[in-house]
Amino acid sequence: MSQYAALLIALPLMGAFLIPILKKISRSAIMPFLAFVTLVQTGIAAWVFKEVYTTGKPIIIMAGGFRPPVGINLYIGHFASLFVFIVALVSFLMVIFSMKSIKVEPKDKYAMLFLLLMLGATGMIATGDIFNLFVFMEITAISAYALTAYNKSGEASDAAMKYIILGGIGSSFFLVGIALLYGSLGTLNLAQIGQLAQLMDPTVAQVALGLIVLGLAVEAEIFPLNAWAPDAYQAAPHPITTMFSAFVVKASLYAMARILYLTSAVSSWGNVLNLLIILGTLTVIIGELSALRQTNVKRMFAYSSIAQVGFIAVGFALGTQAGVNASVFHMVNHAIVKALMFLAVGYVALELGGVSLEDFRGLGKRMPLTAFAITVGAISIIGIPLFNVFWSKMQLVMAALEAGKTGVIALILGASLVEAVYYIRLIHTMWFEGEGEKIGEDTLLGTIMLLLVALVIIIGIYPDAVWQIVQKAGKDIFDVASYVKNVPLMGVSP
Amino acid sequence: MISVYYFGAISLILIGLYAILTKRNILKMLVGLSIMETGVNLLLISVGYVRGKSAPILSEGVSANQAVDPIPQALVLTAIVIGVATTALALSVAINLYERYKTLDVEKIRGLRG
């Protein structure tokens, strides 16, 4: 029964392959078909989520009936089921947005790439094999490159070229890391890597993990390799920007955390954590300071998104259960808030034709609902109580306190201060400056925005329910012993 | 004594990286990217080499214990295809860039500024 969860991978793939045939029959059916596929995917993901959280057991899918480590297995535990659900839900909401916002042809290619992007992110989160992880990462990356260049303007090509070159370097690094891991352990299965990790030569492990962190840092937007992100966010179609920020980044961060914690038995592990903490800190500082001087609002949100990624990376690098839990909580909250904000900004760009700070003057009078959505998102990101991000930042601070890293606390609080400056400037521009006529807002998009706003506020007032879920998901990453125990390895011992 | 295969593969990776970092022409950067990918593939293959063994195809006269490690070959087969797909996409983007800006010099292409 639980093997039906393999449809999470199979369904988007079949959908993507059916689109060229569908195009021959009827071009106008493509977008409704895309909505249908993502809706079914959301349904399956919700079922898997319910299944995993009620039984408390992860769903293990073995490809072709070969037991791991010979075959590839999917591991849909507490973390994966939660995030696969978020990926599917955000994709579904973005398909509805795409119906309004994607006017340029070819729509069939857009729909295919959209499904492949969703497939790649789902696969990265669900897989239990490191090479399979690489393949899914490349599926995500190549569809992301193509979607960044989708608008065919000079800017879009420029952004896509930067992304392709950085992504190419990153994937080469990652592959070298895999080669080193395979060369020293002789296995590609993540559970078996976890089992054998303490046998690894510390120097080789350090180099391999460093390369893997750097390789995943491209997709995860961590400092030295994130220069593509603001350009790509600015130039990509609006729904795609949301998908990048809401889950492509999260999938890579998760993969990084998963591999790091599985190899925590290696004696040089502390050095890798220190590397990640330095990179994460630099990501926060550079993201926030760059966001401060932006006049293009979409670009400002992109830098803000990068800074939030830095927080998540720092949380993972604390190396404690509390840090991992806080990071996972921040991932969930950030996915919701950034989906809301990029949706609203994309809608403004669609109606007013631009997203510079000038266009936002008097938005509170012209598009009150959208302005309200952006305001709630901005207040939440700053970390004001009664909104969801407050709780995850709070948890991050407490985890840092527990781990004795006072520098991290200073970083989080300082960065929140900078965030407050540029977001309150935006809120002020929207509500207290300029005049304008009221524009009739779209009811469907308005409903989605209100739904996300409601989610932000409900999690803000009652964080406990989500916190329970997140603690289980965090344990899934941190508790390596039970991860290894859950995968039925074929009687192979060290 | 470091094996010549490892040395060669890592030199190719470094040459590719050098080309990406120092060249200003986009096509030369893409050539660098391809060289880097080739280097990675060679490194993967040389990880699985066992001295004196033959290709892992079971046919008459070749038994299972005479084969080199077959797993890296499957990995490289996948990685080559991914590399070609990336290069094809990058080249089409390069064509588009040339049409818009009439140059392929990265320092003259100033579409986005932050």
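How many residues of chain B are in contact with chain A, counting heavy atoms within 4.5 Å as contact? The number is 37, and they meet 34 residues of chain A.

Before going on, some ground rules. This is a predicted model, where local features need pLDDT of at least 70, side-chain atom pairs count only at pLDDT 80 or more, and totals for chains, interfaces and linings use all residues. Residues are numbered from 1 along each chain as its sequence is written, chains are lettered from A in the order in which they are written, and side-chain values use heavy atoms, with hydrogens and water left out.

Chain B by itself, then. It has three helices and zero strands, taken as DSSP runs (H or I, at least four residues, for helices; E, at least two, for strands). The radius of gyration of chain B, over C-alpha atoms, is 19 Å, well over the 13 Å that the globule rule gives for 114 residues, so the chain is more spread out than a compact globule. That rule is 2.2 Å times the number of residues to the power 0.38. Along the principal axes, the C-alpha atoms of chain B fill a box of roughly 60 × 30 × 20 Å.

Back to the interface. Chains B and A bury about 2,900 Å² between them, 78% of it on carbon and sulfur atoms; this is accessible area (1.4 Å probe) lost on being put together, summed over both. On chain B, the elements giving two or more residues to that side are helix H1 (4–22), helix H2 (26–47) and helix H3 (71–101). H3(B) supplies the largest share, 16 residues.

Terms used. Contact means heavy atoms within 4.5 Å. Buried area is the accessible area (1.4 Å probe) that two parts lose on being put together, summed over both.
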